[in-house]
Amino acid sequence: MNIRDRIVLITGASSGIGAVTAHELARHGATVVLAARRADQLRALADEIERAGGRALAVPTDVARRDEIDRLVQTTIDTYGRVDVLINNAGIGDGTDVVASDDADLVKIVTINLLAPARCIQAVVPHMRRQGGGAIINIGSVAGEIGVSGLYSGTKFGLRGLNDSLARELRRYNIAVVLIAPGYIRTPLTEGINVPMPGPEVVARAIVAAIRRPRRKIFVPWYYAPLAYIAKLTPWLLDRIVARQAVPQPDRRDRKSTS
């Protein structure tokens with residue numbers, strides 16, 4: 001899909017991967033619809049994009065609420081008449097410890113990380129079908145390939161299953177469905193984790209590539225792909241490693257504001 005003049009809706013857009021992706025897509029000529037809870041940061045981002053010559057619309061949205069998701073999509077349609085790409089980037093890393101977390105934490109992480117993407121997809125697909133096609137980009141995690149982060153991994157495994165099933169179901173409507181699976185990405189939430197990690201730009205570039213030429217799954221950075229496959233071939237080895245030491249969460253990005 002050519003990116004220029006496309007209408008791209010991005011959840012979790014106020015900072016981190018979402019904000020960098022918005023800048024990158026606008027630079028390639030897309031009109032970006034920015035969704036997140038932090039209204040001030042969202043509008044500041046839209047202003048930055050427009051000052052740089054891009055086109056952006058800020059729509060403050062709490063993706064934990066179905067009515068706000070519906071309002072977001074309807075605002076996009078009312079303003080531009082279409083939605084070409086949905087990027088499900090909103091997510092949180094809280095409440096990963098199933099044993100220690102209270103019930104409200106468990107409900108919150110499932111709602112934001114799994115139910116909200118499903119609701120966003122449900123809201124945009126009828127419009128994409130009428131348009132004759134589109135693209136859905138789901139931001140998963142390496143933790144959705146290797147179970148190391150409690151319920152966080154559970155929600156990302158669920159998102160991977162949702163992505164794969166929808167890729168088959170929506171293919172007949174010319175709607176591409178792509179999973180981006182980042183590993184450690186440098187954001188404020190990964191400060192203190194002592195492993196090499198790239199910045200969010202690497203994910204933004206992968207998203208651009210996925211829109212232009214969709215694939216079922218893209219690991220970011222690429223070297224996480226063989227690690228994920230090795231873990232599937234030798235799960236017993238990973239079981240021993242995880243049992244002996246705490247494993248840092250591999251995808252803690254600055255996306256708490258999107259809940």
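Visitor: OK, so how do α1 and α6 sit to each other, then?
Guide: Helix α1 (residues 16–27) and helix α6 (residues 201–212) pack at an angle of about 50°, and their axes are 8 Å apart. That makes them oblique to each other. Axes here are lines fitted to C-alpha atoms, for helices over the stretch in contact, with angles from 0 to 180 degrees between N-to-C directions.
Visitor: Which residues of α1 and α6 make the contact?
Guide: On the α1 side, I17, V20, T21, E24 and L25. From α6 you get E201, V203, A204, R205, I207, V208 and I211. Contact means heavy atoms within 4.5 Å.
Visitor: What kind of model is this, anyway?
Guide: It's a predicted model, so local features need pLDDT of at least 70 and side-chain atom pairs count only at pLDDT 80 or more, while totals for chains, interfaces and linings use all residues. Residues are numbered from 1 along each chain as its sequence is written, and side-chain values use heavy atoms, with hydrogens and water left out.
Visitor: What do the seven strands form?
Guide: An open sheet with parallel pairing, in the order β3-β2-β1-β4-β5-β6-β7. Its edge strands are β3 and β7 (217–220), each of which pairs on one side only. On average, neighbouring strands in this sheet are turned by 20° against each other, ignoring direction. Two strands pair if DSSP finds at least two bridges between them.
Visitor: How many bridges join β1 to β2?
Guide: Five, and β1 runs parallel to β2 (residues 31–35).
Visitor: What about β2 and β3, how many bridges?
Guide: Four bridges join β2 to β3 (residues 55–58), and these two strands also run parallel. V32 has A56 in β3 as its bridge partner.
Visitor: New topic: is β1 enclosed or out in the open?
Guide: Five of the five residues of β1 (residues 7–11) are buried, so the strand is largely enclosed by the rest of the structure. Buried means under 20% relative accessible area, exposed over 50%, and partly exposed in between (1.4 Å probe, protein chains only). Both faces of β1 are covered, with I7, L9 and T11 buried on one side and V8 and I10 buried on the other.
Visitor: How many residues of β2 are buried?
Guide: Five of the five, so β2 is also largely enclosed by the rest of the structure. T31, V33 and A35 point one way from β2, V32 and L34 point the other way, and all are buried. Across the whole protein chain, buried residues make up 53% of the 259 residues.
Visitor: Which strands does α4 lie across?
Guide: β1, β4, β5 (134–139) and β6 (175–182), and α4 runs at about 175° to β4. Helix α4 (residues 103–131) also packs with helix α3 (residues 66–80) at an angle of about 30°, with their axes 10 Å apart. There, R66, I69, D70, V73 and I77 of α3 meet A116, R119, C120, Q122, A123, V124 and H127 of α4.
Visitor: Last one: where does I185 lie?
Guide: In the loop between β6 and α6. I185 is buried, with a relative accessible area of 0%. C-alpha to C-alpha, I185 is 5.4 Å from M197, though the two are 12 residues apart in sequence.
Visitor: And how much of the contacts comes from residues 24 or more positions apart?
Guide: In the protein chain, such residues account for 70% of the contacts with a separation of 6 or more.

Technical notes:
Parallel < 35°, antiparallel > 145°, perpendicular 65-115°, else oblique.
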